[in-house]
Amino acid sequence: QIRRHLKHLAHPILGDAKYGGIEGMPGTFARKLHLHARRIVFPHPRGGTVDVTAPLPAFMRETWQTVDFDPDRYDEGPSEAA
């Protein structure tokens, strides 16, 4: 649903061919969907915390570096509370 909503707001996700995210896209960027859940943290029903981090795909890392965005800037690793 987020893909459709962002298209409706005229801000499609980069690389989203279905919802308009490749129109005007620079040729140097990978023609892949730039949508990624980098980290999710939630309480486990039996106690404790689940903290899962997924690495940024190489094609997205290249895109971020091309636009001078540090892809590692917000990496914190597992939370201290986990």
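Predicted model: local features only at pLDDT ≥ 70, side-chain atom pairs only at ≥ 80, totals over all residues.
Buried means under 20% relative accessible area, exposed means over 50%, and partly exposed covers what lies in between, with a 1.4 Å probe and protein chains only. By that scale Asp72, at 36% relative accessibility, counts as partly exposed.

Residues are numbered from 1 along each chain as its sequence is written, and side-chain values use heavy atoms, with hydrogens and water left out.

**Confidence**

The predictor's confidence in each residue is called pLDDT, and it runs from 0 to 100. The protein chain has an average pLDDT of 88, and 90% of the residues score at least 70. Helices (H or I, at least four residues) and strands (E, at least two) are DSSP runs, numbered from the N terminus. Confidence is lowest in helix 2, with a mean of 93, and highest in helix 1, at 95.

**Salt bridges**

A salt bridge is a side-chain nitrogen of Lys or Arg within 4 Å of a carboxyl oxygen of Asp or Glu. How many salt bridges does a search of the whole structure find? The search finds three, and here they are.

| Asp16 | Arg3 | 2.7 Å |

Let us take the pairs in turn. Asp16 and Arg3 meet in a salt bridge. This pair links distant parts of the chain, with Asp16 in the loop between helix 1 (2-8) and strand 1, and Arg3 in helix 1, 13 residues apart. Is Asp16 buried or exposed? Asp16 counts as buried, because its relative accessibility is 2%. Arg3, on the other hand, is partly exposed, with a relative accessible area of 28%.

Asp51 counts as partly exposed at 21% relative accessibility, and Arg39 is partly exposed at 32%.

**Aromatic and nonpolar groups**

Rings of Phe, Tyr and Trp (its six-membered ring) pair if their centres lie within 6.5 Å; planes under 30 degrees apart count as stacked, over 60 as edge-to-face and the rest as tilted. A search of the whole structure finds one aromatic pair. It is made by Trp64 and Phe69, which are edge-to-face, with 6.3 Å centre to centre and 85° between the planes. Trp64 is partly exposed at 22% relative accessible area, and Phe69 is partly exposed at 36%.

Ile40, Phe42 and Val52 make a nonpolar surface patch of about 250 Å². Patches are made of residues with over 30% relative accessible area and no salt bridge: like charges are joined within 9 Å, and nonpolar side chains (Val, Leu, Ile, Met, Phe, Trp, Tyr) within 5 Å. Accessible areas come from the Shrake-Rupley method with a 1.4 Å probe, and for residues only the protein chains shown count as cover. Phe42 lies in strand 1 (residues 39-43) and is partly exposed, with a relative accessible area of 34%.

**The loop and its contacts**

Ile22 is found in the loop between helix 1 and strand 1. Contact means heavy atoms within 4.5 Å. Not counting residues up to four places away in sequence, Ile22 touches Gly15, Asp16, Ala17 and Arg31. Ile22 counts as partly exposed because its relative accessibility is 32%. Over in helix 1 is Ile2, which is in contact with Ile13 and Leu35 once its neighbours within four places in sequence are left aside.

**Two positive phi angles**

Most residues other than glycine have a negative phi. Ala10 has a positive phi, near 65°; this residue is in the loop between helix 1 and strand 1 and is exposed at 59% relative accessible area. Asp68 also has a positive value, near 60°. Asp68 is found in the segment after helix 2 and counts as exposed at 75% relative accessibility.
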